[in-house]
Amino acid sequence: MKTPDIPANETDRLNELNEYSLLDTLPEEDYDNITYLASQICDTPIALISLVDTNRQWFKSAKGLSLKETPKDYSFCAHAINKPKEAMIVADSRTDERFFDNPIVVGEPNLVFYAGVPLVTQKGFPLGTLCVIDLKPHKQLTDEQLQALKVLSNNVVKLFELHKSKLELESAQVVLEQRNIELEHFASMAAHDLKSPLGNISSIINLLKFDHSNDLNHQGKELVDLLDESSQQLRDLIDGILEYTRADALLLERNGEIVLPDFFVLIERLLCQNVLCKLTYPLESRTIKANKAALKQVLLNLITNGITYNSSPQKKIDIAFSETAHHYHFSVTDNGLGIAPKNQEKIFNLFERIQTPNNDNAKGHGIGLSTVKKLVERLGGEVTLESELGKGSKFSFSLLK
């Protein structure tokens with residue numbers, strides 16, 4: 001018996017094999033289908049997808065053979081991978097000087113005929129073979145059978161690549177989720193550290209504004225008002241960043257039943273207690289099943305915008321609802337300042353600040369609507385805008401049922 005030669009690039013080949021994480025994995029139907037087809041096409045009782053490891057050959061799929069692996073020294077496939085561009089055919093192992101006394105020839109399973117096509121990766125490394133085996137002398141494979149075996153081997157490699165890509169995506173997702181957790185933690189810590197001194201600043205501002213014993217002149221009072229406005233903008237920015245980073249956590253919540261009129265009443269109480277606004281919504285009792293926390297956040301953002309960017313004596317907000325076979329549809333219409341056509345795409349971008357001021361001449365921080373877009377799209381819907389300057393805006397969004 002001649003033991004197989006070790007390929008010149010064996011270290012790199014084994015590293016490539018390990019990167020695919022295929023060894024010792026469970027059987028899979030896609031691979032078993034290929035060995036079944038190879039066996040039928042070549043008219044052999046056995047077909048294998050063999051991976052050549054350091055000291056063994058391991059079978060990812062085995063049609064007609066109960067063994068899971070054999071020693072590498074006994075492996076026909078370990079010989080085949082030394083010529084990765086060629087198919088290796090052994091017409092009768094009993095008369096071949098390489099194999100006539102091989103334990104798997106003279107003993108179980110008494111292998112006689114072998115035909116194997118190397119499984120070569122995109123980087124050019126042969127990981128093993130797709131092979132067919134007979135336990136008795138077998139007529140030579142026809143050109144058509146050999147070509148079919150090569151086609152099937154290419155499909156095996158494609159399955160390998162898909163498996164590797166899936167693992168890489170899963171690994172990247174784990175890293176991304178960990179980074180999101182770290183980002184949320186950082187945002188929370190940063191917000192806490194910023195809010196504490198900001199609260200002190202606000203307290204000092206209030207003392208200066210309302211302490212009539214101080215001697216601030218007109219210019220001084222204007223500077224205090226400017227400082228008050230700036231601190232409020234900073235507070236809103238911090239809250240917006242926290243809201244955006246926590247959006248992913250909202251998406252993890254399970255869908256639950258939502259009774260719409262009751263839900264809208266809750267929204268109204270949260271936003272219209274201390275503001276002169278009129279919120280209208282459907283009164284018909286309808287129950288939907290959706291992510292309540294995410295839907296609440298979307299509506300709060302849209303309605304808050306309709307109140308904030310609004311110079312009307314009474315802010316009017318109208319909520320509409322409908323549903324189709326696969327989606328729930330909502331719209332929020334306001335009588336606010338409206339948005340110029342050139343800005344209607346930009347407003348959903350993170351930190352995009354347009355030039356339309358609100359009724360206190362303060363600009364938004366560009367986070368609320370990007371949060372809305374993120375939540376809606378991750379929930380299988382989309383958000384759109386219809387608006388005209390001076391005539392208000394209508395935000396429509398859908399959620400997958």
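**Questions on a predicted chain**

The chain of this predicted model has 10 helices and 13 strands.

User: What share of the 401 residues is buried?

Analyst: A residue counts as buried when its relative accessible area is under 20%. The chain has 401 residues. The buried share is 42%.

User: Where is Asp53, and is it buried or exposed?

Analyst: Asp53 is found in the loop between β1 (46–52) and β2 (56–63). Its relative accessible area is 13%. The cut-off for buried is under 20%. Therefore Asp53 is buried.

User: Which residues is Asp53 in contact with, leaving aside its neighbours within four places in sequence?

Analyst: One of them is Lys72, 19 residues apart from Asp53 in sequence. The two C-alpha atoms are 7.5 Å apart in space. The contacts of Asp53 are Arg13, Leu14, Leu17, Leu23 and Lys72.

User: Is Glu108 buried or exposed?

Analyst: Glu108 has its place in the loop between α4 (103–106) and β5. Its relative accessible area is 67%. The cut-off for exposed is over 50%. Therefore Glu108 is exposed.

User: What separates the C-alpha atoms of Glu108 and Leu135?

Analyst: Glu108 and Leu135 are 27 residues apart along the chain. Their C-alpha atoms are separated by 9.8 Å.

User: Why does the span of helix α2 agree with its 14 residues?

Analyst: Helix α2 covers residues 29–42. At 1.5 Å a residue, its 14 residues should span 20 Å. The two figures agree because the end C-alpha atoms of α2 are 20 Å apart.

User: Which residues of α2 are buried, and what arc do they cover?

Analyst: The buried residues of α2 are Tyr31, Ile34, Thr35, Ala38, Ser39 and Cys42. Their arc around the axis puts them on the same side of α2. That arc is only 135 degrees.

User: Which residue just after α2 takes a positive phi?

Analyst: The phi in question is about 60 degrees. The residue is Asp43.

User: Which strands stand at the edges of the 5-stranded open sheet?

Analyst: This sheet has mixed pairing and the order β8-β10-β11-β13-β12. A strand at the edge has a single partner strand, so one side is left without a neighbour in the sheet. The edges are β8 and β12.

User: Which residues form the covered face of β8?

Analyst: In a regular strand the side chains alternate between the two faces of the sheet. In β8, Lys278 and Thr280 form the uncovered face. The covered face holds Cys277 and Leu279.

User: Which residue in β10 stands opposite Cys277?

Analyst: β8 (residues 277–280) and β10 (residues 315–323) run parallel, joined by 4 bridges. Lys278 has Lys316 as its bridge partner. Cys277 stands opposite Lys315.

User: How many residues lie between β10 and β11 in their hairpin?

Analyst: β10 and β11 (residues 327–334) pair in the antiparallel sense over 7 bridges. Ala320 has Ser331 as its bridge partner in β11. Between the two strands of the hairpin lie 3 residues.

User: Which residue in β13 stands opposite His329?

Analyst: β11 and β13 (residues 393–400) pair in the antiparallel sense over 7 bridges. Opposite His329 stands Ser398.

User: At what angle to β13 does helix α9 run?

Analyst: Helix α10 (residues 368–378) lies across β12 and β13, at about 30 degrees to β13. Helix α9 (residues 292–308) lies across β8, β10, β11 and β13. The angle of α9 to β13 is about 175 degrees.

Terms used:
Residues are numbered from 1 along each chain as its sequence is written. This is a predicted model: local features need pLDDT of at least 70, side-chain atom pairs count only at pLDDT 80 or more; totals for chains, interfaces and linings use all residues. Side-chain values use heavy atoms; hydrogens and water are left out. Buried means under 20% relative accessible area, exposed over 50%, partly exposed in between (1.4 Å probe, protein chains only). Two strands pair if DSSP finds at least two bridges between them. The expected span of a helix is 1.5 Å times one less than its number of residues. The arc is that of the directions from the helix axis to the C-beta atoms. Contact means heavy atoms within 4.5 Å. Axes are lines fitted to C-alpha atoms, for helices over the stretch in contact, and angles run from 0 to 180 degrees between N-to-C directions.
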